[in-house]
Amino acid sequence: MAQYHYDEAGNMAAYFLLTFLGKNPLPAVNVNPAQNNVTESTPTNQRLVESYKVANTETDHKIYDPFEILGIRMRLISNEIKGTAEKEIKSHYKKLSKLYHPDKVKATANMTLEAIQNRFVEITKAYKSLTDETIRENLEKYGNPDGRVDVSMGIAIPKWIVEGKNNIWVLGFYGLIFGGALPALVGRWWFGNRQKTKDGVNALTAAAFFKTLKEESTFEEVLGTFAKAFQWELPPQKPSKSPELDALEKQIEEKAGQKWLDVKKVCGVDVQRRKGLILLYAHLLRLDIQSRSLQADQRHILLQAPLLLNALLNIATARNWLSPTLAVMRLHAYLTQALLPGPDRLRFAQLPGIKLDEAATLAPKAVDLRQFEQALIDKHDTRILDVKRALSKWGRVEIVDASFKVIGERIVTPSAIVFLVVKLRISPPPESPVEGTELDAEETKRRIKLNDEKDEEFLVSRSESEDAPSQDLLPGWVHAPYWPAERKPSWWITLGDEKSNRVVVPPIKVTDVPFAQPNHERDFRSYKIQFQAPQNVGVFTWKVQLISDSFVNEDAACDITLKIEDASALPVEDQEDDISDPDEDSIAGQMAAMRGGPVKKKQVDESDDESGTDDDEENNDSSSDSDSD
């Protein structure tokens, strides 16, 4: 029978508590709100230590076998006793006792005196267990020559916990933990999650977005709608006057003018909204902020902006509104580059060291970033080195091709599953242009065939993008000195109808667009969007737009036409299915005919009919002859 004893000193309880707290059953999660990356890490060192301890744990759970100790092969000599003859047992015992007697064995580094004595004791006990009647009986009944051994089990809690006089305190503690603290913790988690939407924003924020955003909303109205989120997303603070915040608002009103008043009107008069909108505009206008607390609040707003804008984007795309969708997408880039929407020449302020007031006057004849760079070179501007370094990884994104594809079909029929396949690449920097070599006819055919095979393989795959290229072909991090974290360039692929201001297909966000390689067989990367074709036959003219979330006015677009044709336009051989129609006289044919489906008519063989008729006539003639006889 097992005996139990409690840990009176509390050593085992402390060891158990430390072991339990030292365990990490869940992986540690690291969230970077700036990059929207979530990574998991596990305590590898702890796992290695635990594995080593388990592997090197010594166990005494071994069946006692005297024959193995004496080195005797076991055999039956009767129905009750296993073993060998006593003479053989005595002979083995004498040999082993002479060999392992402590007086005859010398201690060495590998064999201590204690180990020698223990070995001799084991041999003697094994011999007695096979020859002594009492010991042999203990061995046969209990499996141990010493007789029955009680199991002792320790409980890693102090004894005072289970004593009767302390029951009220223990029960009270358990009631406090499981009846009060645990329900409060679960309730806080539950009701906290109910306040968040699936996009991770406050439910009241999502409601404000839904009510305020309109189909005809302008960019300023979208910005004001976005600023409403600060009422619930910013940490609650007591209302207090801030002279610096008032000063910032005056500077913003002087620089932004009427646009600031329009945005402020949409945003409302809430204190938190006003504070968030002022800090947001201070970032867009690149105004300096002296207060540490305001700097921290502005950083919090910027890092949370991608999450809030994604929620606003989902609301716009759910209603299929094209203009608000594009405005929300472009707001990402304006926040990244700290630029207020305005004249097109403001995009030159994205370059290193170029201020907002210099963007319009420094190179008045420049049309694009490359011409602006050349103007700085002509003026021997000292900032040209930084500008060149930034433009070396700034190539403009290009739409190589955009087309509609249907798996296994040459035309698009009503309600078919269609794929919009878009091939993208980034134009290489002009500092080191690579001229493409002229290819002969055979090489051109080979490359066309290779690209067609890869296009077909990508079309039938489940991935929305082809395999990512090597890192040396990617643009790297975005040059955004005013953004509080590192950022990788991304783009939205949008298919819309500008005439009806509708989003045809929900946009997807793509990244890792490679630089172009003129001499490479495939110097682009393909992406695809799946959708269902319209139910009506006709020609639909839409536009594919590529919107950057990191660079202002660095978008791309192209018109695309989708022609929906009726299935009757297919050639006859294409209309035939691989599975033939069922026969008319079969069960499947009868069921298909009841449903109005096609069936195969029964073919009547004329030769068989004619031969059958001749046979009938011959039979009739023979029968008439027999009658006449």
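These legends walk you through several close-up views of a predicted model.

**View 1. Tyr174 and Phe178 form a stacked ring pair.** The model has 10 aromatic pairs, and this view shows one of them. The ring centres of Tyr174 and Phe178 lie 5.9 Å apart, and because their planes meet at 10 degrees, under the 30 degrees that marks stacking, the pair counts as stacked. Both residues belong to helix 7 (residues 167-194), where a spacing of 4 residues puts about one helical turn between them. Tyr174 is partly exposed, with a relative accessibility of 46%, while Phe178, at 52%, is exposed.

**View 2. Phe226 and Phe230 meet edge-to-face.** Here the ring centres are 5.6 Å apart and the planes stand at 75 degrees; that angle is over 60, so the pair is edge-to-face. Phe226 is buried, with 0% relative accessibility, and Phe230 is buried too, at 1%.

**View 3. Four aromatic residues join in a cluster.** Look for Phe404, Phe531, Phe540 and Trp542, which are linked by ring pairs.

**View 4. Arginine side chains sit over aromatic rings.** In one part of this view, the charged end of Arg319 is placed over the ring of Phe210, at 3.7 Å from the ring centre. In the other, Arg487 lies over the face of Trp483, and the distance to the ring centre is 5.0 Å.

**View 5. The largest nonpolar core has 77 residues.** In soluble globular proteins, nonpolar side chains tend to be buried together. Phe226, Tyr281 and Phe372 have the most contacts inside this core. Helix 14 (residues 292-318) supplies the largest share of the core, with 11 residues. To get your bearings around Tyr281, find the residues that it touches beyond four places away in sequence: Leu223, Ile252, Ala256, Lys259, Trp260, Val263 and Leu340.

**View 6. Another nonpolar core lies apart from the largest one.** This core has 30 residues, including Val418, Ile426, Ile508 and Leu546.

**View 7. The largest cavity has a volume of about 80 Å³.** Rolling a probe the size of a water molecule over the atoms shows where empty space is left. The structure holds 4 cavities of 30 Å³ or more, and this view shows the largest of them. Its lining is made up of Lys393, Trp394, Gly395, Arg396, Val397, Ile426, Pro475, Pro489, Trp491, Phe551 and Glu554.

Definitions and conventions: Residues are numbered from 1 along each chain as its sequence is written. This is a predicted model: local features need pLDDT of at least 70, side-chain atom pairs count only at pLDDT 80 or more; totals for chains, interfaces and linings use all residues. Side-chain values use heavy atoms; hydrogens and water are left out. Rings of Phe, Tyr and Trp (its six-membered ring) pair if their centres lie within 6.5 Å; planes under 30 degrees apart count as stacked, over 60 as edge-to-face and the rest as tilted. Helices (H or I, at least four residues) and strands (E, at least two) are DSSP runs, numbered from the N terminus. Buried means under 20% relative accessible area, exposed over 50%, partly exposed in between (1.4 Å probe, protein chains only). A charge sits over a ring if NZ of Lys or CZ of Arg is within 6 Å of the ring centre and within 35 degrees of the ring normal. A nonpolar core is a set of buried Ala, Val, Leu, Ile, Met, Phe, Trp, Tyr and Cys residues joined through side-chain atoms within 4.5 Å. Contact means heavy atoms within 4.5 Å. On a 1 Å grid over the protein atoms alone, a cavity is a set of points where a 1.4 Å probe fits but cannot get out, and a pocket is an open set with protein on both sides within 12 Å along at least five of seven lines; lining residues have an atom within 4 Å of a point. Grid points are joined across faces, edges and corners, and a volume is the space filled by probe spheres set on the points.
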